[in-house]
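Hi there,

Here is the structure I promised to pass on.

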Amino acid sequence: MAMATSVAASMMLVRSLANDLIPPEARSLLSYCLSGLQSRMAWRHTIVVEKTDGYYTNNVFYSVKTYLASRMKNDNATRDVQRLRLSSGGFGLDDEDDPEKLVLGMEEGEEMIEVYQGAEFRWSLHSHDHPGDSSTTLGRGGGRQYYELTFHKKHKEKAIKAYVPHILATAKEIRDKDRPLTIYMNDGSDWSPMDLNHPSTFDTLAMDRTLKRSVIDDLDKFIKRKAYFKKIGKAWKRGYLLHGPPGTGKSSLIAAIANHLRFDIYDLELTGVHSNSDLRKLLIGMTNQSVLVIEDIDCTIDLKQRDDDSNTSSSTTKDDNNKQVTLSGLLNIIDGLWSTSGEERIIVFTTNYKDRLDPALLRPGRMDMHVHMGYCTTEAFRILVNNYHSIDYHATYPQIEALMEEVEMTPAEVAETLMRSEEPDVALHALIELLKSKKELLAESATTSTDQEEDCDRAKEDEEDSDDAKDNSGDDDNEAES
C-alpha cells in the first residue's frame, strides 16, 4: 500500500510538471502517438451496424436481425445468452400455439457468439436515446439502435469478405421463404410496422383467369430485370392502377401481389402526411422489395387537375402555404428524382372512379399497368365456391351462371352470401334467391324508366299539338282580317 501510494503521488507530480513544462502542442502530439500505439496493440476489432443512416433505412441492420433470429434456434449459439426476446411471428390470437411462428431475438446488452470458418464472432445489441429525446421506444424519435460485431483483428478480412456476405445471403433466403410479411402505416413522417398475415393468393383470388395470368407474368418479369433497368437508366420500379366498383377485390389483389413476391406493404395514408417534405422522408424510409399502396387515391386528398399553368401555379402556392401534399410532390416520388431512393418496388394506386384522376398520374412510367376489377364472372364465382365450400361443381351452377349473365354482382356480395352457411346446398340456393331479387329489381327499374320515358314522350307530343293549335288559330285570325 505504501509503494502504491508513493507511485500514485509520483505520477501526479510528473503529470503536474508535464502540464507546466510541456507545450500544449507537444502534449497533443504525444497523446496522438499513444492513441495510435494503443490502437496497434489492440487485438479486437469492431464493426457497427446502425439501424439508420441519416434519413435512410440501413437494410443491413434488418438483414443482421433476421439472421440472428434464425441463429437463436441453435442451442450452441445461445448457451451463454441469459436474456432472450420472444415474440410471435404474427398478430393472431392463435399464433402462440404454433411453435414455427415464435421468433427469438437478442435482448439489449446481451452477447451472442458464433464460430464461422474457424473464426469467433461476437454479436451484441445496443440502443441510446439522443439528448433531449423524450421517446423511450427503440427506433422511434431520435433514438439510436445498432448491432456491434467484434472479432480478432487477424480475422478482419474474413469478416468483411466472407462472413458479412454470408449473413446477407442467408437473411435474403430466410426473408424469401420463412419471414412473415410486414405492413407499415405512416404516422407523420415515420412508419409503424405490424405483421401481415393476409391469406389472399393468386390461387384463391376471384378474378378473370386471363387477366390474373397477365398480372402474374408482369410481376415475374419485373423482378428478373434489375440489370435491364440499370442498362436503360430507369428506376427499378413498377406502377399498377387498380380501378373498378367497390367490393371487386382490389385490396385482395394487393395482398396476393405481396404474398407472391414476398414483399412488405407500405400503406400510405396521404391525409396523415403534412407536407411534401414528410412525403419524401417516408419514401426514403422504405426498404427495398416493398409495395407502396395508396388506396382510393381520388378521395384521400384534393389533387387538383392541372388545366393550365396559371391554375397550377396558384394551386401549388396555396398548398405550399398550407403545407399540404401537392400533386407535383406525389408525382416526384412516383417518377421524379426521389423515385430512385430505393429499388425493386411496386407502386399501387386504387380508385373506384378512374376518370376522376389527373391524366398525369395515369401515363406509362407512373402507372404502367391498368387493371380493371369488374363484377363477378362465372369463372370468379366458381373460384369463390371452391374457396368457401371446397367443391368443383354443383347442380345449381347452370342456373346461377345464367343469372349472373343478366345481373351485376360484386365478388364481395357473392362471398358474403356463400359464408352464410357451411352447407353448399343452402349457401348456393341463398345465392340464387339473391340473384333473382336483383333481377326483379332491375326489371322494375327498367319498367319505371320506360314509363317515365313514355310520359315524357306524351308530354312532348301534347306540347307540340298545343303549339300547332296555336299556330293554326293565328292563321285563321289572319285570314279573317284579310
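Among contacts in the protein between residues at least 6 apart in sequence, 71% join residues at least 24 apart, where contact means heavy atoms within 4.5 Å. Buried residues make up 36% of the 482 residues; buried means under 20% relative accessible area, exposed over 50%, and partly exposed in between, using a 1.4 Å probe and protein chains only. The protein has 17 helices and 15 strands, which are DSSP runs numbered from the N terminus (helices are H or I with at least four residues, strands E with at least two).

Please keep in mind that this is a predicted model, in which local features need pLDDT of at least 70 and side-chain atom pairs count only at pLDDT 80 or more, while totals for chains, interfaces and linings use all residues. Residues are numbered from 1 along each chain as its sequence is written, and side-chain values use heavy atoms, with hydrogens and water left out.

An unreviewed UniProt entry annotates residues 1-18 as "signal peptide". UniProt positions are given in the numbering used here, feature names are shortened, and annotations may be inferred rather than shown by experiment. In the model, that span is 94% helix and 0% strand, and its end C-alpha atoms lie 26 Å apart.

**Helix packing**

Two packed helices are described by the angle between their axes and the distance between the axes. The axes here are lines fitted to C-alpha atoms, for helices over the stretch in contact, and the angles run from 0 to 180 degrees between N-to-C directions. Angles under 35 degrees count as roughly parallel, over 145 as roughly antiparallel, 65 to 115 as roughly perpendicular and the rest as oblique.

Start with α3 (residues 59-71) and α5 (residues 156-177), whose axes come within 8 Å and cross at roughly 75°. These two helices are therefore roughly perpendicular to each other. On the α3 side the contact uses Val60, Ser63, Val64, Thr66, Tyr67 and Ser70, while α5 brings residues including Tyr163, His166, Ile167 and Leu168. By class, the residues of this contact divide into eight nonpolar, five polar and one charged. For these classes, Ala, Val, Leu, Ile, Met, Phe, Trp, Tyr, Cys and Pro count as nonpolar, Asp, Glu, Lys and Arg as charged, and the others, Gly among them, as polar.

Next, α14 (residues 378-389) packs with α15 (residues 397-404) at an angle of about 135°, with the axes 10 Å apart, so the pair is oblique. Thr378, Phe381, Arg382 and Val385 in α14 meet Tyr397, Ile400, Glu401 and Met404 in α15. That contact has five nonpolar, one polar and two charged residues.

Helix α14 also packs with α16 (residues 411-418): their axes come within 10 Å and cross at roughly 30°, and the two are therefore roughly parallel. Here Phe381, Leu384, Val385, Tyr388 and His389 of α14 touch Pro411, Val414, Ala415 and Leu418 of α16. This contact is made up of eight nonpolar, one polar and no charged residues.

**Residues in strands**

Phenylalanine 121 sits in strand β7 (residues 119-128) and is buried at 0% relative accessibility. Its C-alpha atom is 5.1 Å from that of phenylalanine 151, which is 30 residues away along the chain. Leaving aside neighbours within four places in sequence, phenylalanine 121 contacts Leu149, Thr150, Phe151, Ala159 and Tyr163, among others.

Arginine 44 belongs to strand β1 (residues 44-50) and is partly exposed, with a relative accessible area of 26%. Beyond its neighbours within four places in sequence, arginine 44 is in contact with Arg122, Thr150, Phe151 and Lys153.

**Two loop residues to look at**

Most residues other than glycine have a negative phi. Glutamine 289 has a positive phi of about 55° although it is not a glycine; it lies in the loop between α9 (276-284) and β13 (290-294) and counts as buried at 17% relative accessibility. Glutamate 344, also not a glycine, has a positive phi of about 55°. Its place is the loop between α12 (327-335) and β14 (345-351), and glutamate 344 is buried, with a relative accessible area of 12%.

Best wishes
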